[in-house]
Amino acid sequence: MRIAMLTGGGDCPGLNAVMRAVARKGQAVYGDDLLGFRDGWRGVLEDDAVELTIDSFRGTLPKGGTILGSSRTNPYKVDGGPERVKATLASRGVDALVAIGGEDTLGVASRLAAEGVPVVGVPKTIDNDLSATELTFGFDTAVQICVDAIDRLHTTAESHDRVMVVEVMGRHAGHIATWSAIAGGATIALIPEQPFDVDEVCDVIRKRHARGRYASIVVIAEGATPKEGSFSVASGEVDAFGHARLGGIGDALAGAIEQRTGYETRAVVLGHVQRGGTPTAFDRVLSTRFGIAAVDAIHDGDFGAMVALRAGEIVRVPLEEATTELKLVDPDLYDVAKVFFGS
Ligand code: F6P
């Protein structure tokens with residue numbers, strides 16, 4: 001078969017490992033030809049592609065990012081977009097397409113699959129917010145990067161008796177924040193699922209001070225919101241899928257804490273550092289398993305499917321399941337984090 005791949009949306013560690021696995025099993029076991037579209041759906045729309053082989057992926061297993069490039073292009077927002085996608089696939093003789101992405105990229109894949117395009121999805125995002133899979137690759141790496149940063153921030157916060165506010169990504173879900181707070185021993189974690197009260201946060205910090213604990217680490221998800229709506233940091237900018245550009249809540253919170261408590265408070269925005277660099281061993285294995293499962297699904301003719309992790313096993317689920325519901329933080333897990341708040 002002639003199999004094409006693309007990587008769409010925000011990049012994340014493990015993308016190359018997925019494609020390497022597709023290429024390895026596809027070429028060596030099934031005798032497939034491989035093609036890669038550059039920059040996600042943009043490459044398909046504009047017929048910008050590169051021939052791939054097993055050799056294209058030599059040395060890429062530990063490499064972050066994606067050798068194909070990525071974009072947030074939405075073919076359904078472009079005049080005649082879906083028709084152009086189909087025309088490119090036909091002219092390139094593509095028998096099947098592996099779309100590796102998050103909610104947006106897979107949303108497009110799902111609509112195209114419903115229109116008869118032979119596509120299989122692979123769930124990617126550091127946000128881990130896809131309900132159809134227990135884990136997306138990239139999440140483990142992002143959490144590890146946050147925890148490494150928090151470990152370092154503890155020592156400087158303690159040396160200077162400071163409050164450090166650490167803003168992490170995750171869009172409208174608080175998975176990265178919750179996991180990082182538990183693993184990093186944070187004073188408190190603020191997530192989009194549970195709007196926070198700035199005064200309550202300050203009380204937690206004041207009580208620590210009263211006990212002689214002058215350093216605190218406050219983890220805040222970029223999508224967290226204060227209960228009273230007392231400050232807003234929305235830039236108003238949106239991408240082609242209508243998502244707001246987040247970021248900046250950490251600075252605003254640090255200012256509010258310092259103003260209310262008088263304690264020196266600094267903000268650290270981890271930002272895209274969380275998406276960069278080498279994948280953890282866990283993400284390399286998960287990505288590899290997803291890639292192998294995707295090429296197997298294609299050879300079984302199981303189009304319109306997404307590979308997913310459920311109870312430790314790789315399974316296939318309908319692509320539309322991947323995009324219907326956002327997976328939010330399990331309140332039970334947040335309760336685990338809460339036991340340590342203020343301690
Ligand atoms: O979805 C992954 C993610 O990193 C989110 O956590 C974040 O809100 C967004 O992408 C940032 O996107 P961009 O790099 O396009 O600004």
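These legends accompany several views of a predicted model.

**View 1. The whole protein chain.**
This predicted chain has 343 residues. Along its principal axes, the C-alpha atoms fill a box of roughly 70 × 40 × 30 Å. The radius of gyration is 21 Å. A compact globule with 343 residues would have a value near 20 Å, so the chain agrees with that expectation.

**View 2. Helices and strands.**
Count the elements of the fold here. The protein chain contains 11 helices and 11 strands. Now look at which parts of the sequence meet. Take the contacts between residues at least 6 apart in sequence. Of these, 76% join residues at least 24 apart.

How many disulfides does the structure hold? The number is 0. A disulfide is a covalent bond between the sulfur atoms of two cysteines. For cysteine 146, the closest cysteine sulfur belongs to cysteine 12. The two sulfurs are 13 Å apart, which is too far for a bond. The cut-off used for a disulfide is within 2.5 Å.

**View 3. Buried cysteines.**
Are cysteine 146 and cysteine 202 buried or exposed? Cysteine 146 has a relative accessible area of 0%, so this residue is buried. Cysteine 202 also counts as buried, because its relative accessibility is 0%. Buried means under 20%. Across the protein chain, buried residues make up 53% of the 343 residues.

**View 4. Surface and charges.**
The accessible surface of the protein chain is about 13,800 Å². Carbon and sulfur atoms account for 50% of that surface. The chain carries 34 positive and 47 negative charges.

Methods
Residues numbered from 1 in each chain as written. Predicted model: local features only at pLDDT ≥ 70, side-chain atom pairs only at ≥ 80, totals over all residues. Heavy atoms only, no water. Buried < 20%, exposed > 50% of the residue type's maximum accessible area, 1.4 Å probe, protein only. Helix = DSSP H or I, 4+ residues; strand = E, 2+ residues; numbered from the N terminus. Rg over C-alpha atoms; globule rule 2.2 N^0.38 Å. Contact = heavy atoms within 4.5 Å. Areas by Shrake-Rupley, 256 points an atom, 1.4 Å probe, with all protein chains shown as cover. Lys, Arg positive; Asp, Glu negative; His and termini not counted. Charge placed at Lys NZ, Arg CZ, Asp CG, Glu CD.
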